[in-house]
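Keep the structure open beside you as you read.

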Amino acid sequence: MFACTRRTLLLLRRNISFTYHELEGREICRRLAVPQFEELYPGQLSQIAVRTMASTSKQLGNFQNRHELKRLKNVKMRAKRGGQLFPSTNVTAQVIGSGSRDSPASVLIIADSTRFLFNCGEGTQRLLMECGVKSISRLEHIFFTRMSWENLGGAIGMMITLKKIGLPKLTYYGPENLRDFTQALQIFAKQDMLELDVKSPDQGPFTNEAMVVHPVTIKSSIPPVTTVTQVHTKQVPDIEPDSDSDTEEAQATSGEVPKKRKGDPLATISGMNVKLQPWRKDTKKRKMSPAENVCVAYVCKLHDKDGKILVDKAMSLGLKPGPEYSLLKKGESVTTEDGKVIKPEDVVGPKEIGPTMIVLECPSEDFIDSLTTNPTLQRHHQDGEGDIPAAVIHITPPEILEDTRYQDWVNRFNPSVEHIVCNRQCNSVTHLKSRRTCTKLNLLHPEIFPLPTVLSSPMDSSKTFHYAKSFERFVLKPRMGWDREHVQTDDPLLFLDEVKDLPDFSSSLDELKVHLADKMQTLKATTRYPEVVFLGTGSAMPNRERNVSGIMLHISEQQNVLMDCGEGTFNQICRFYGDKTDEVMSNLRCIFISHRHADHHVGLLQILKYWKTLALKNKDNSKAVILVAPKRVFIWLNQYNQHCEDIIHQMRFVEVGDLCDSAEERSRHEETILTGLNLEKFETVPVKHCSNAYGLAISHNDGWKIVYSGDTMPCDALVTAGKNADLLIHEATLEDGMSEEAVIKKHSMISEAIDIGERMDAKFIMLTHFSQRYPKVPLLPDRVSGKVGIAFDFMRFCLSEVDLVPLFMPTLKHLFAEQIQELMENKMKKAEKEFFKVTAEQFVGK
């Protein structure tokens, strides 16, 4: 029992918030000695409690209302204007992704009251965070130049984020089959979708408050290929992807294997062209007519600004300042008091002509003729009738830029035009926050915390083109020119200078080196494999330090398994492996998707697409990639593959539930995986998260065992399947004390994850999948055993090195002392609010 001091009671009486240092004790005083207060101030606590609750509720309501108004200010302002156009004073075009392998090409136009994004590949949202773009709620228009995953991959995560911050509507512009893409999203993201308005080129031009956008269709000279797919003749009900039944949800919570119901629309995957099985008798061949292979260029013309009133001249004509000035600026004549008619040309200066910018993509040779002969684009050449563009952004590969037809077309523009190239040769430094963290961690152990690579490639020395760098801006208004303030540079020495002044860090690092040297002498010499590489260790959405879920497991030198792949996983692979990316991707044998949530599988399409590219390039038909995933993921893949882009190649599909220990089909499906990866067992485990969510237990013939939890609450089935594991990789989304949120979101707190590992008798427990509340480090319990580690992006280790990981803990606490202190203060503030709430509710009840 912790009693209140007299000062604490006085503070409570005055309805003043207090800190825990003003209590005799360091834990939450829910067992407060209230009778002591009643003796001092009889009958007053209930009144204070009521006043406290009312005040808190009012303040919270006011805060939420203010936040909502601020968030949607641009939407409300537009409604107030009633559609009237007000030209933006400041307009810039900022390169977000430069077009390199790890940063797909994207450009953001920033106007006064709105934002326009051209293409949204994987990782675009994370890049926007990194370059400090403000007011993402103003992003209401996304233009796509082509139906390719490099352009579309980040649109799903962006849509989910914009819905969460309150944007009521988002408009997509692009090829006709963009509608098929948005419809396919409902397979797994129906609940996360905001209102989407999809516009095709034939609906243009598109006018908004900043500019007029003229879409220009560029067609491939290669006609689309009509494919034949397997379609069941039996009528299948409409799929409701996110409307899980009560039975499924209950089974998910209990960790049981969901039973397949007769007549379930998901029991049959209609038109599934990735299933390697003969056509059945109840199927027939149907010709699928794919959409035309087109690109869309966009000619963006900023609104002209009305000329200014020449006040001195107007006054000399007897016209004083007033509402007549506005009429004159609109082009109307006015009459003075003495009957004199004044025309606009008498007192209004010349209009300020809004600049023009063109965004185009020419991905391959078969688009060149259509592009170079397009009359709409030719109008903007030097000898054309249209406006001379300030800039042309070319999302064009190097081999097309070198084509003489393309170069002749470019040379016909006015020499003043800025030609900006975004392609794989435009490598630039990005994700500086992540690089800063990696550089500091590298001091602890260079092999376990390696530095991410900076991709490099030769650039063309031509004076015609400017090769883009991420985050640089081309200013369109008020004065044209380059702004490179936000361009990042990799300066490890600057990052290392930041740790010199950290209290006790240097001494802790020296002690760590000694302990590591001693430990290395006792470690058994083992092979390098298995090796674990963490590509993403965050949850829900990426932040600047942590990407979303992705773990590469190297079983051998030529056998890799990817466990989950959220958005940006391929980008992370490029940054980690650098020039060895192709080798690592070619050796990818199996991909495991734990469940259908977007932060665990949106990166899958780019992985499969690049894997296909390498297989075709190497002409290797002997290898196949095995995809173990929920059925909804396969339906999504199939829909995208049929209607948007052909990405599936030599892929074998195994439904994740068919590899459970109790599954009827287990032995048949598992045999292929075991043989190909030299495994003893590949077992999926139903866990407590959403429906059809699974963990994974892998046992190798060499005797090691690794368990991955996926997303889950504490799960007994995982304990059983992972018994005596050498390594448990378990999600630890939330800190201790957040049990209510953990239950609602069906995630684990840190102590719960550690407890699972201890019950499992796991030799080591690696925590991952941290909430975005913890961008650098989570808040660990006071006492953590010597077999627990924290995962970081780009962290790598083999099983023989896991015993080194706990040695890092003391040094990590010094390295991130400021962040840990901030987390502790936030926790105390939250606990203080909870204390007042509980106390107030207790006495209101009396």
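**Stops along the backbone**

Pro-478 sits in the loop between strand E18 (473–477) and strand E19 (481–483). Keep in mind that this is a predicted model. The peptide bond leading from Lys-477 into Pro-478 is cis, and its omega is near 5 degrees.

Look for Pro-530 in the loop that runs between helix H20 (505–522) and strand E20 (531–536).

Now let's turn to phi. Most residues other than glycine have a negative phi. Asp-564 is not a glycine, yet its phi is positive, at about 65 degrees. You will find Asp-564 in strand E22 (residues 559–565). Is Asp-564 buried or exposed? Its relative accessible area is 0%, so Asp-564 is buried.

Asn-724 also has a positive phi of about 65 degrees without being a glycine. Its place is the loop between helix H26 (716–721) and strand E29 (727–731). With a relative accessibility of 44%, Asn-724 counts as partly exposed, because that class lies between the 20% and 50% cut-offs.

Our last stop is Asn-177, in the loop between strand E5 (169–173) and helix H8 (178–184). Asn-177 counts as buried because its relative accessibility is 6%, and buried means under 20%. What does the side chain of Asn-177 reach? It reaches the backbone oxygen of His-643, at 3.1 Å.

Technical notes
Residues are numbered from 1 along each chain as its sequence is written. This is a predicted model: local features need pLDDT of at least 70, side-chain atom pairs count only at pLDDT 80 or more; totals for chains, interfaces and linings use all residues. Side-chain values use heavy atoms; hydrogens and water are left out. Helices (H or I, at least four residues) and strands (E, at least two) are DSSP runs, numbered from the N terminus. Buried means under 20% relative accessible area, exposed over 50%, partly exposed in between (1.4 Å probe, protein chains only). A polar contact is a pair of N or O atoms within 3.5 Å; within protein, one must be able to donate a hydrogen and the other to accept it, and residues adjacent in sequence count only if both atoms are side-chain atoms.
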